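Student: Could you walk me through one part of this model in detail? I'd like to see how its pieces are paired and what lies against them.

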Amino acid sequence: MIDATGRPQSVLVLGGGSELARAIVGRLVPGRCRTVILAGRPSERLDAAADEARAAGAEVVETVAFDTTDLAGGPTAVEEVFARHGDVDVVLAAAGALGDQARLESDPSAAADLITTNFTGLAAALLAAARCMRAQGHGRIVVISSVAGDRPRKANFIYGSTKSGLDAFARGLGDSLVGSGVGVTVVRPGFVVGRMTEGMDPAPFPTTPQAVAEAVVRGISSGAEVVYVPPVLRWVFAVLKLLPRAVWRRMPG
Amino acid sequence: MTAPRTRRKVLTGWGRTAPSAADVLHAVHPSLVDEAVSAADAAAGAHRGRGLIARGMGRSYGDAAQNAGGTVVDATWLDAVHAVDLAAGRITVGAGVSLQTLMERFVPLGWFVPVTPGTRLVSVGGAVAADIHGKNHHVDGSFCSHVVSMTLVTPTGTFTVSPTADPDLFWATAGGMGLTGVVTEVTLQMIPVETSYLLVDTERATDLDDVMGRMLSGDDAYRYSVAWIDCQSTGRRLGRSVLTRGDHARLAELPRRLASDPDRARAFVPRQLARVPVTPPSGLLNPMTVGAFNEFWFRKAPRRQLGRPHHMTGFFHPLDGVGGWNRLYGGRGFLQYQFVVPDEAGDTVRRVLERLTAVRLASFLAVLKRFGPGDPGPLSFPMPGWTLALDLPVGHDALDRLLDDLDEQVLAAGGRVYLAKDSRLSPGTFRSMYPSLDRFVEVRARVDPHGMLRSDLGRRLGLCSDAAPLPQPTTRKGRKNP
C-alpha cells in the first residue's frame, strides 16, 4: 500500500535495467519499498540493478524477462507479476531508447522497432498493468515521458513522436482510471545527462538521473499528474509550444 | 448465493490520504452482513476476491476502514436501538448507531456514554474496533471495558461474545480494527448523569514541565482531563498549554437559571455552527496561521478558572461544531500521530515536541493526556502513561522520515502508536510496538481461516494478504513465454 506520506511498499519497473530506473529504485527502497520487481531484457545491467536493490535493503527482489517489442509476451509478463506477487503499489514505465535520428530516417524498420519499444509495446504492457491495478483498487502508474514529446523537433522527431504518443496515452489512461483508486503520473524530464545521452551536447536546463528520481518520488507522494524535471521546463515549453513552426524548425540540434 | 448489490467507491479515512476503491455495501439489515461475509469467504477460500471490512463513520484518520478492490460494509445502516434498560443504564444498539445519537437520546434520560473521543461522530462498532478512549481514560479505561457483550459476524459463524463468553475473541475484537469480524450489535453499560453540563476547571500552564506536573498531581481528582499544547512555542515556553479538567455537574451545582429548569439542564441538542464548504489549497494551515491561532487560543483561555459550567458538546467535541474541518488541510490531507509512552518516559513527549518545533511543522491540534491501566485487548492502544496526539499536514518533505524517527523513540521508550490514527507505520515497527500481536493473529486464524477480513491498514502492516488477484492472464495466440 502507498502510505499517507506517499511511500509505496512495492514497485514493478518496466525497463528495470535503465539508469533512470536504478536511480528511482534507489530512492524508493530506503522509504518503505520492500518488494522490487525489475522487468527488462535479461542482461548484466538488469542483474546489477537487482543487486543494487538488495543492497539498498529490499527484501523481495526479482528480475522478469520483459521485452517491449514482444507485443503478446509483454502484457502477459506484467499480468504474471501481479498474479505471483499480489498487490503492486507502483508500476514504473522506464523502458525506452533514444535512437540515432539520421540512421532511423534511412532505416524505416529500425524506426518502427523504436516506435514499438517506446510506445506500442509499452502502451500494451501499461494496459495490462492498468487492468490489474483497477482490480486491486489502488496504486500509481508512473510513465517516463520526455519534453521531447511536448513538441517534437526536426532533429529527433521519431523519438519525440514516440514520447508524444506515450504521453498522450498516459494522460488518457489517467483520466480513464479516475474513480478506480489508481492514478497516473507523467514525468517529463529534459535532457538527462547520463548513459543514454553520452557524447551529446546537453540541451539547456539539463538534469540528472538523481534529480529525475527525486521528482518521481515526489510525484508518487503528491499524486501529481504531470511532473517536469527540472520544474522550470514547464514554463519554458509552455512558451516554446507557441512559437511559429517556421521558427521552431530552425531550432538547433 | 449471489453477492449482494454493491457500488464501487473511492474511500479515504478522515485524514483524506491514500485513497483506494472498494465495492461498498449498504448493510441495511444484519442479514446482508451475513450474506456478504459468506460470499467473500467463499471467494477467499478459492483464492479469489479481496475480502471484506466494515466501515462506520470514517473517522479513523488512516486506512483502517478501506479495502482496496474488495468489499466495504457500510455499517452505519445498522442504526436500530434494540433494547433499553433505563433503570440499569444498559442499552443494546446496532453497531452503526453514532455516539451522537446515543447522547441525543439518552442524556435527557440521565445516561451518558461511558467513553467519548474528541468527536461524537463515531459509530459504536467503530468505537469497539478502535477500542477508543476519552479524557476519562485514567479513571474509566477505554470503550470496550464498558461493553457488556456484542454480536460479531465472522466467516465461521455469528457469535455473541463478552468478557466471559469467548473472552479471547471479545478482546481480540477490542481494538482489532475490524479484522476479527463485523460487529453488528453492542450492549453497552452507560454512566448516570444528572445534567448535560460539566463543571470545568481551566488553567494555563507555562511550559511542559508545568503541565505534566499539574496533571500528575491533580488528574486523579477529576473524571475528565486533557491538555491542549501550543506546538508553536519553543525554548523556555516549549509545551505551554491550557489544561481543562472537570466532572459531570449535578443539577444542584448548576447556576439557578439552569438548576430551576431540569429539562434545559439535561438537553442535548448538537448544532453544527459552520461547514467548510470547499477544500482550500494545501498550505492554508501553515506555521504562520497555526501560530496565530495558537496564540489566540492560549490567550483566550483564562489563567485560572474554577467550576465553570460547560455544556458537553463544547467540552468534549469542540471540533464537531465545524462540519468537514478535515478539509482545511487542503487536497493532500493530513495525518494524526498519536503515541503513548509509560510514565517514566515522559521525557519522550518533550523530545517529540522539540523535534516538531525544530522543523517548524505546524500542528494545529496537539493534545496531551494521561492513561490509566489498559485492557486485555492485544491490539488495544492504551497503556498507563502519557499520550500525545498531533495533527500534521501532509506535504512537508521531511515528514515521513521524521515520523519514522519518532516511532523509534516511542518504541525505545516502550510505547506505541494508535492504529485508529495511523496511516504510515511500517510492518516491523508495528510488530515491535504490539508484543501481544501473536495472540491476536491466533484468534483471527480461528474465526477467519481464509483471512477474508482485510483492510488497507491490514495490508500495509502485513496482517492481510491477497494471494491471487482477480484478473486471469489472457490467453493469446502466438504467446511467447519469456
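**A close look at one sheet**

Tutor: Let's start at one residue pair: Pro189(A) has Val229(A), a residue of S7(A), as its bridge partner. Please keep in mind that this is a predicted model, where local features need pLDDT of at least 70 and side-chain atom pairs count only at pLDDT 80 or more, while totals for chains, interfaces and linings use all residues. Residues are numbered from 1 along each chain as its sequence is written, and chains are lettered from A and ligands numbered from 1 in the order in which they are written.

Now widen the view from that pair. Strand S6 of chain A, residues 182-189, runs parallel to S7(A), and four bridges join the two. (Strands are DSSP E runs of at least two residues, helices H or I runs of at least four, numbered from the N terminus; two strands pair if DSSP finds at least two bridges between them.)

Both strands belong to an open sheet of seven strands in chain A, with parallel pairing and the order S3-S2-S1-S4-S5-S6-S7. At its edges sit strand S3 (60-65) and strand S7 (226-229) of chain A, each pairing on one side only. Going across the sheet, neighbouring strands are turned by 15 degrees against each other on average, direction ignored.

What packs on this sheet, and which strands does it touch? Helix H3 of chain A (residues 73-85) does, touching strand S1 (10-14), strand S2 (35-40) and S3 of chain A; contact requires C-beta atoms, placed from the backbone, within 7 Å. The direction of H3(A) makes about 160 degrees with that of S2(A), where axes are fitted to C-alpha atoms, for helices over the stretch in contact, and angles run from 0 to 180 degrees between N-to-C directions.

How values were computed:
Contact = placed C-beta atoms within 7 Å.
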